[in-house]
Amino acid sequence: MYIIKPYTKTDHMMIVSESSIPGLVLNSKKRVRLQFGIKSIEVTVHHSDSFKKENVHLSTNIIYQLGLPLACAYDFIVQGDKITIGPFIGILCELTNQKLAEMLPTYQSFVKGYYYIGGAITVFSIEGINKEKRTISGFLYDPEKNTWEVKTFPFPAVVMSIAEPSLTSSWEVFHEHMKNFDSLLGGRVFNYPHFSKWEMHQMLLPELKEHLPETALYRDVEDIHDMLNTHGSIYIKPVHGRLGKRIFNVVKNGSEIKVKYDEKRRRHEEVFAAEAESNLFFQKHLIPDAFLIQQTIPLKTHEGSVIDFRVMVAKNEKGLWENLGIYSRYGARGQIVSNITAGGHTEIARNTLKTVWKLEEKEIQRVEQEMERIVLCSIQVLENQGYHLGNIGVDIGLDDECKMSIIEINHQNPDPYIALMAKDRLAFYKCRFQLMRYGRYLGGF
């Protein structure tokens, strides 16, 4: 990597030592276009044996016009008469600048392997984007001080989204900005677009029908009763929901209908003597086209806790998918969901398969391989539909006989913190590291 030094004597000049940048053929006063993020400028390249090989000297006006931070270490990619400085990776983390500042310490995991990534790494919020000026106000990582500095910088070369705009007022503006990034940067925007649970189900159905519960879009109460009459037990979920919120488990026993749900962190149970009595409840809590009705997946329970599995995958520095870990999730006792945020806990999957399912090592390997196959097949279907993903978490249900069902695909921010909770720190940091290496790869480095 190279260190950029300001040069005050001449405008629009780049000075390097002889053959210090691979691929750069130096002629007398060679003119090239220098690119950083979405900005570029024409410069004249000179060489000098009096400068260190690892230093690249740029005129101060070039540094200013490109918005080039000097505290970072860079690589240079030469393509004909164009030189790209980078990588320059922007991470869209939050909806507001206030939340971005509050969460800043948690982004340190993205830069833990900085000297294998290099370049300018920034974190920003939707609020910090200026579409007209094509600039972002956010935080830039300073590797010399190991701190984040408040900066305004041009649009980066690569944008990764870990923002969670669903069910917020920022949903539309998020997509507006991401669509703009995508048009400017092409295939260098990832974890975008977002899809709903209903869209996911429709996309996966042709290829993975045997692993999907029967699902319908809620339009009126008759849809609920049709599914109840067929399956006896169903789940109703928000189309855009996350973290196990606003989920209802509905069970029919004869004419009686029982509904379990959580509200304001309290468990509730309603019992209705007949369909007509339940209708008012459903009409009060549900919005047409905003909820799914799903056949209940027969998940295994252990000591009152429902269990499912999270498969954590991410792309590597070559753009290839890797399975980074599989974890079991135990719901809080008596809960209808397994989400950790709802009071559950987690551990490495093979431990659960051994102690709860009583599987031998060969059977454990077979189950894990089948989970990975289903996940990779799901990803291929989604990517064939135009979704550019860098990492996802897929939730899989497993019954007593090890039959597998896809419960959920987490793609807005499939946080690898589940690995930390399962005491698998290496997988957590590897996931974050691989995301940054994938960003570097997308930038051409």
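**Aromatic pairs, sheets and cores**

Phe248 is buried, and Phe281 is buried as well; buried here means under 20% relative accessible area, with exposed meaning over 50% and partly exposed in between (1.4 Å probe, protein chains only). The model is predicted, so local features need pLDDT of at least 70 and side-chain atom pairs count only at pLDDT 80 or more, while totals for chains, interfaces and linings use all residues. Residues are numbered from 1 along each chain as its sequence is written, and side-chain values use heavy atoms, with hydrogens and water left out.

The aromatic rings come first. A pair of aromatic rings is described by the distance of the centres and the angle of the planes. Rings of Phe, Tyr and Trp (its six-membered ring) pair if their centres lie within 6.5 Å; planes under 30 degrees apart count as stacked, over 60 as edge-to-face and the rest as tilted. The structure holds 22 aromatic pairs. In one of them, the ring centres of Phe155 and Phe181 are 4.9 Å apart and the planes stand at 65°, so this pair is edge-to-face. Because Phe155 lies in the loop between strand 11 (147–154) and strand 12 (158–161), and Phe181 in helix 4 (residues 171–185), the pair ties together parts that are 26 residues apart in sequence. Helices (H or I, at least four residues) and strands (E, at least two) are DSSP runs, numbered from the N terminus. Both Phe155 and Phe181 are buried.

The rings of Phe248 and Phe281 have centres 6.0 Å apart and planes at 85°, so they too form an edge-to-face pair. This pair links distant parts of the chain, with Phe248 in strand 16 (residues 248–253) and Phe281 in helix 7 (residues 275–285), 33 residues apart. Ring pairs also join Phe248, Tyr261, Phe272, Phe281 and Phe282 into a cluster.

The strands can be followed next. Two strands pair if DSSP finds at least two bridges between them. Seven strands close into a barrel in the order 1-5-2-4-3-7-6, with mixed pairing. Strand 6 (residues 73–79) pairs with strand 7 in the antiparallel sense over five bridges, and Asp75 has Gly86 in strand 7 as its bridge partner. These two strands form a hairpin with two residues between them, and Gly80 in the turn has a positive phi of about 65°.

Strand 8 (residues 88–94) pairs with strand 12 in the parallel sense over four bridges, and Ile91 stands opposite Met160 in strand 12.

Finally, the interior can be considered. A nonpolar core is a set of buried Ala, Val, Leu, Ile, Met, Phe, Trp, Tyr and Cys residues joined through side-chain atoms within 4.5 Å. The largest one has 67 residues, of which Met14, Leu34, Leu58, Phe76, Ile85 and Ile91 touch the most other members. Strand 9 (residues 120–130) gives the most to this core, with six residues. Apart from it lies another core, of 37 residues, including Phe195 and Met404.
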